[in-house]
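Student: I would like to learn how to read the surface and the aromatic contacts of a protein model. Could we begin with the surface and then turn to the rings?

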Amino acid sequence: MKVTESNLKGCFIIQPHIFKDERGSFFESFNQKVFEELIGQKINFVQDNQSQSSKGVLRGLHFQHREFAQAKLVRVIKGSVQDVVVDLRENSRTFGQHFSIELSEKNNTQLFIPRGFAHGFLALEDDTIFSYKCDNFYNNESESGIIYDDQTLSISWNDLGTSYKLSEKDIMLPKFEDLKL
């Protein structure tokens, strides 16, 4: 695996070694020991989630508060997404900054998102399957988020030539400046 730290400290881009031959391809998508050595910290993933989205579905920007915060390892199994993370760690030098990357079934790139980040993605293709490991269980009472088009964050979401498809809950998310962390 090749690991590169993004512009946000602790947020890593992970590119697996892919073995190809006439039969197809193979890669190790996760190995606890190797992963911990590469990112330099212990992690215990306790929950795996998967979603399927049509082109234009925008999910996020989501996070959980305090003791319910989650680190995530995300990847695309089928299709492609624009993946976006926002640093919400108040003592971080990159607080309020974001990072965006395309994850796809073709590049097999993964993103490790540490605790203290908001996360969201835009499906760039129909039938996109998105998978993520979490190091903490989901807790409904601690769930929060930031509206995707927040002016302060100035995220450049891909223009798909059509309106994004958001859940009712995501449309009602607060602005970054109104967050209570």
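Tutor: Accessible areas come from the Shrake-Rupley method with a 1.4 Å probe. In this predicted model, the accessible surface of the protein comes to about 9800 Å², and 46% of that surface belongs to carbon and sulfur atoms.

Student: What share of the 181 residues is buried?

Tutor: Buried means under 20% relative accessible area, and in this protein buried residues make up 48% of the 181 residues.

Student: How many aromatic pairs are there, and how should I read the geometry of Phe95 and Phe176?

Tutor: Rings pair if their centres lie within 6.5 Å, and planes under 30 degrees apart count as stacked, over 60 as edge-to-face and the rest as tilted. The count comes to 8 aromatic pairs. The rings of Phe95 and Phe176 have centres 5.5 Å apart and planes at 45°, so this pair is tilted. Because Phe95 lies in the loop between β8 (80-87) and β9 (98-104), while Phe176 lies in the segment after α2 (168-171), the pair ties together parts that are 81 residues apart in sequence. Phe95, at 31% relative accessibility, counts as partly exposed, whereas Phe176, at 14%, counts as buried.

Student: Which arrangement do the rings of Phe121 and Phe130 adopt?

Tutor: Their centres are 4.0 Å apart and their planes at 20°, so the pair of Phe121 and Phe130 is stacked; both Phe121 and Phe130 are buried.

Student: What lies over the face of Phe30?

Tutor: Lys133 does, at 5.1 Å from the ring centre, and Phe30 itself forms one aromatic cluster with Phe35, Phe45 and Phe112.

Notes
Residues are numbered from 1 along each chain as its sequence is written. This is a predicted model: local features need pLDDT of at least 70, side-chain atom pairs count only at pLDDT 80 or more; totals for chains, interfaces and linings use all residues. Side-chain values use heavy atoms; hydrogens and water are left out. Rings of Phe, Tyr and Trp (its six-membered ring) pair if their centres lie within 6.5 Å; planes under 30 degrees apart count as stacked, over 60 as edge-to-face and the rest as tilted. Helices (H or I, at least four residues) and strands (E, at least two) are DSSP runs, numbered from the N terminus. Buried means under 20% relative accessible area, exposed over 50%, partly exposed in between (1.4 Å probe, protein chains only). A charge sits over a ring if NZ of Lys or CZ of Arg is within 6 Å of the ring centre and within 35 degrees of the ring normal.
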